[in-house]
Amino acid sequence: MKKAFTLIELLVVIAIIAILAAILFPVFAQVKAAAKKTMCISNGKQIGIALYLYVGDYDDSLPMANYPNTFVGPPFTEFGFDAGAGAGEPAWADLIQPYSKNLQIFKCPVDDSGTPGNVPGAPLSYGLNYYFYKLRGGVSRFSLTGGSMSEIATPASKIYIAETASGSGREILRPDRYLGFERHSGGSTYIYADTHARYHKMPQWWKDIPSSVWGTPEQAELQPCPQWFPWLDTSTELW
């Protein structure tokens, strides 16, 4: 007599497989998300190393955010930013890219926003801290330099690079420009002025502060996030 599964047994097996799949699929998704978060932190560490080498070659000076508006090239940017690769002026990432020799590290693995206006070039998922370039008293130095490391009393506690959406066209970031700040489980990678990289959760209260506050350094520095303000002599982390 031949043995075979009954219909009830077959249905029970299928039900067990379905239950196991329902349990495991979310776990797989979490593992995949965690792997991408780790890869992004690795990107940040490599960008930090490249920044460290750049600063060492340029008398402790941090790179400019982008070339002046009068720039006509070459060289041109390699990134899909402004006019795009082969046409636009170099941005900060172009200045430190020769030290990393790797365009891919400037794209977060979760960032699928493309490039602004679909201009050609590599995506740029990271941007600079606005407050290194917009200072108290209306002082702007966007096309000059981010200042010198010697200006910063506590570089290990001052954010210099944060995540953004590559399609946003923003190379300068502050707490109200948070398109990339919740990318990895509600947080993202930050690269500090001393070039180390860390993961932080985004404080939700940032979203409740008017943009006019963040756009005025004298008002912004009164908020409890001193990591953003290189001129504040503090290493206290409040978020």
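This is a predicted model: local features need pLDDT of at least 70, side-chain atom pairs count only at pLDDT 80 or more; totals for chains, interfaces and linings use all residues.
User: How many helices and strands does the protein chain have, and in what order?

Analyst: Helices (H or I, at least four residues) and strands (E, at least two) are DSSP runs, numbered from the N terminus. The protein chain has four helices and five strands, in the order α-α-β-β-β-β-β-α-α from the N terminus on. Its C-alpha trace spans about 90 × 40 × 30 Å along the principal axes.

User: How is the sheet arranged?

Analyst: Strands of a sheet pair through backbone hydrogen bonds, either parallel or antiparallel. Here two strands count as paired if DSSP finds at least two bridges between them. The five strands make an open, mixed sheet in the order S3-S1-S2-S4-S5. S3 (172-173) and S5 (197-201) are at the edges with a single partner strand each, so one side of each has no neighbour in the sheet. S1 and S2 (residues 159-163) run antiparallel and are joined by three bridges; Leu128 has Ile161 in S2 as its bridge partner.

User: Is helix H2 largely enclosed or exposed, and why?

Analyst: Buried means under 20% relative accessible area, exposed over 50%, and partly exposed in between (1.4 Å probe, protein chains only). H2 (residues 92-100) is largely enclosed by the rest of the structure, because seven of its nine residues are buried. Those residues are Trp92, Ala93, Asp94, Leu95, Ile96, Gln97 and Ser100. Lys101 follows H2 and has a positive phi, near 50°.

User: How do I read an aromatic pair, and how many are there?

Analyst: A pair of aromatic rings is described by the distance of the centres and the angle of the planes. Rings of Phe, Tyr and Trp (its six-membered ring) pair if their centres lie within 6.5 Å; planes under 30 degrees apart count as stacked, over 60 as edge-to-face and the rest as tilted. A search of the whole structure gives 18 such pairs. Tyr54 and Tyr58 are stacked, because their ring centres are 4.4 Å apart and their planes are at 20°. Tyr54 is buried at 8% relative accessible area, whereas Tyr58 is partly exposed at 42%. Trp92 and Phe106 are edge-to-face, 6.1 Å centre to centre with 65° between the planes. This pair links distant parts of the chain: Trp92 is in H2, and Phe106, 14 residues away, is in the loop between H2 and S1 (126-129). Trp92 is buried at 1% and Phe106 at 0%.

User: Which residues touch the most other members of the largest nonpolar core?

Analyst: A nonpolar core is a set of buried Ala, Val, Leu, Ile, Met, Phe, Trp, Tyr and Cys residues joined through side-chain atoms within 4.5 Å. The largest has 48 residues, and Ile47, Trp92, Phe106, Tyr160 and Trp228 touch the most other members. Helix H1 (7-57) is one of the elements that give two or more residues to this core, and H1 gives the most, with six. Contact means heavy atoms within 4.5 Å. Neighbours within four places in sequence aside, the contacts of Ile47 include Trp92, Phe106 and Ile161.

Conventions. Residues are numbered from 1 along each chain as its sequence is written. Side-chain values use heavy atoms; hydrogens and water are left out.
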